[in-house]
Structure formats: structure tokens, C-alpha cells
Amino acid sequence: MSQKIPPNPSKLPWFENFARPGFQDTSTTHELPYDHSILLENLMDPAHIPISHDRTDWTAKREDAQPLLFKVTERTDRGFAGWWGKEKDQSMPNFLRFEAPCVLQNNRELVDEKGEKNYFSGLFLCTPSGQGKSLLIVRFGGTKSSPLAKLFPKWYFHQNASKVFEQDMGFLSSQNEVLLKEKVPTKELYINLRSSDTWVAEYRKWMDKVGDGMPYHIGHSTISLPKVPAVVEHAPAGLVASISASLPGQGRNRDNVLRQTFPTDISGI
Ligand SMILES: [Fe+2]
């Protein structure tokens, strides 16, 4: 694509629900301290929502946690797609699609009591931004919104979206550490239940298929770790941190900082 060669519109991503009359969405961006693969796994795991996001997401209620039904309908080198829903309802009204490299979407149609059809979408654009780091653009929306939602300012929904990612943060960043430490494919670490983890298992199996084209990958049964591991940024703690902060020119070299702060005969260094 350049000024001489025009763009090919058929290659531009198109999300039909966003063009429907009356569609409104809340969009947020998040920089996250865990790997692109962990981010995708989390976003394609509907089973954790009622428990981890109880009443933060207005539709999430802990007492609603239950087995889910899944049906995979497509598997290609670009990703996979299929239907899912609650086992209790014996229906699968949600359609999920993962399309590499970065699009995950969950769409749903609802027909109300008047026979009017409405459309809802969760769209997740997930970008790797380094080893163990990712950048996410989320767009949640629909052609019909709750009358109650109109009473709240926009910033409320933006902070609520950030709160959802804070609720997942502790678990996901430690999961990232475990994957890097254990150095084994996920089938050695995960118990993938068919009633909750179908998409997660699909994703790691897709990684088995295409991971050899990536700089590194952790698949369901294959693994290829980065040749050069990421520089781990650890903030120094306690006394050393406060000394380091007051002597920025000395950087984080612990020995230098301690030598300047304590006379040699006291510190014994
Ligand atoms: Fe979550």
C-alpha cells in the first residue's frame, strides 16, 4: 500500500455489527504486563467471568457460574470459530471467532418479546508488544442498551473496564511466570475441562499448528521458548529503592548505591 498502489479494501477488517443502525459501544485500551497468548486465553474463557468479575461486569453474577456448552465449527491456519452457551439453557447463542494475528470477537443476536432482533459484540484487538507484554483495544457494544446505562457517565464504564483487567491481573501475571519457569507445553500444566476450557485448548492446539512461524510459542503439546529472554524489569524494594530514587544518576547498581550511602567499614562491603 502506498500513494501509487491503493489499499485493497477486501483486506481491511470489517465487523458487521458495528455498522448496524443504533449500534453504540464503549471502547478502552489497556497495556498489560503479560504475554499476548495469556491475554487471548483469558478473553476466550467465558467460564471465569461470573466468578472473577462478579457484579463488576453488570451481567456477571457468581451464583451464575455453571458448566458451559461449546461447539467448534471451524479450524483453519488463521484460527478457529464456534458456538457456546450455558448448559442450563441447552442453547449456544454466542458465536466466538479468533482470527490471527490479533482479532478475537464474540457476537450474539437476541430477539426481544416484540420480535425485534438486536445485536451485541465484544471485539478484542490483541497486539503483542514484547515478551510478556501486550496491548489491547476492547470494544463492547450493541444495538440496544440498558436504560439504566444511560444514567451513568462515560468515564464510569471506562474505569469499570480497567477494573475488570485489575481483577485478572494477579492471576494472569503469575500464570505468565509459571509458563516461563516450567518450560513445558500447556497439556502438562492445564486440566482443560470440556465444560469450560474448550477455546483455551483450541487456542493452544492452534499454536501447535502454526507456532513454528512465530518468534516463540507455548502450545498444547509443543513448545519453543524465546532464544533471547526478555529483560525482566524488577523495581528495587525498601531501603535500596529509596536510596536509588534519590540518586538517579547512579542507576540501580546496588553495590554502588550502598557504597556511597554507608562507609566501607560499617557496611563491610
Ligand atoms: Fe477476566
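I shall begin with the conventions and then turn to the sheet.

This is a predicted model, in which local features need pLDDT of at least 70 and side-chain atom pairs count only at pLDDT 80 or more, while totals for chains, interfaces and linings use all residues. Residues are numbered from 1 along each chain as its sequence is written. Helices (H or I, at least four residues) and strands (E, at least two) are DSSP runs, numbered from the N terminus.

The sheet is open and has 7 strands, in the order E1-E7-E6-E5-E4-E3-E2, with antiparallel pairing; two strands pair if DSSP finds at least two bridges between them. E1 (24–32) and E2 are the edge strands, each pairing on one side only. From one strand to the next, the twist averages 15°.

Let me take two of the pairings. E2 and E3 pair in the antiparallel sense over 8 bridges, and they form a hairpin with 2 residues between them. In this pair, threonine 76 has glycine 79 of E3 as its bridge partner. E4 and E5 (residues 103–111) run antiparallel and are joined by 6 bridges; here phenylalanine 95 has asparagine 107 of E5 as its bridge partner.

How many residues of H1 are buried, that is, have 20 or more other C-beta atoms within 10 Å of their own, with C-beta atoms placed from the backbone? The count is 8 of the 8, so H1 is largely enclosed by the rest of the structure. Among them are His36, Glu41 and Asn42.

We come to the core, where a nonpolar core is a set of buried Ala, Val, Leu, Ile, Met, Phe, Trp, Tyr and Cys residues joined through C-beta atoms within 7 Å. The largest one has 26 residues, and those with the most contacts inside it are Leu39, Leu40, Met44, Leu104, Phe124 and Tyr203. H1 (36–43), E6 (117–130) and H4 are among the elements that each supply at least two residues of this core. H4 gives the most, with 5 residues. Leucine 40 touches Leu104, Cys126 and Tyr203, not counting residues up to four places away in sequence; contact requires C-beta atoms, placed from the backbone, within 7 Å.

Finally, isoleucine 191 lies in the loop between H3 (154–182) and H4 (198–210). Isoleucine 191 is exposed (12 or fewer other C-beta atoms within 10 Å) because there are 6.

Technical notes: Two residues are in contact if their C-beta atoms, placed from the backbone, lie within 7 Å. Axes are lines fitted to C-alpha atoms, for helices over the stretch in contact, and angles run from 0 to 180 degrees between N-to-C directions.
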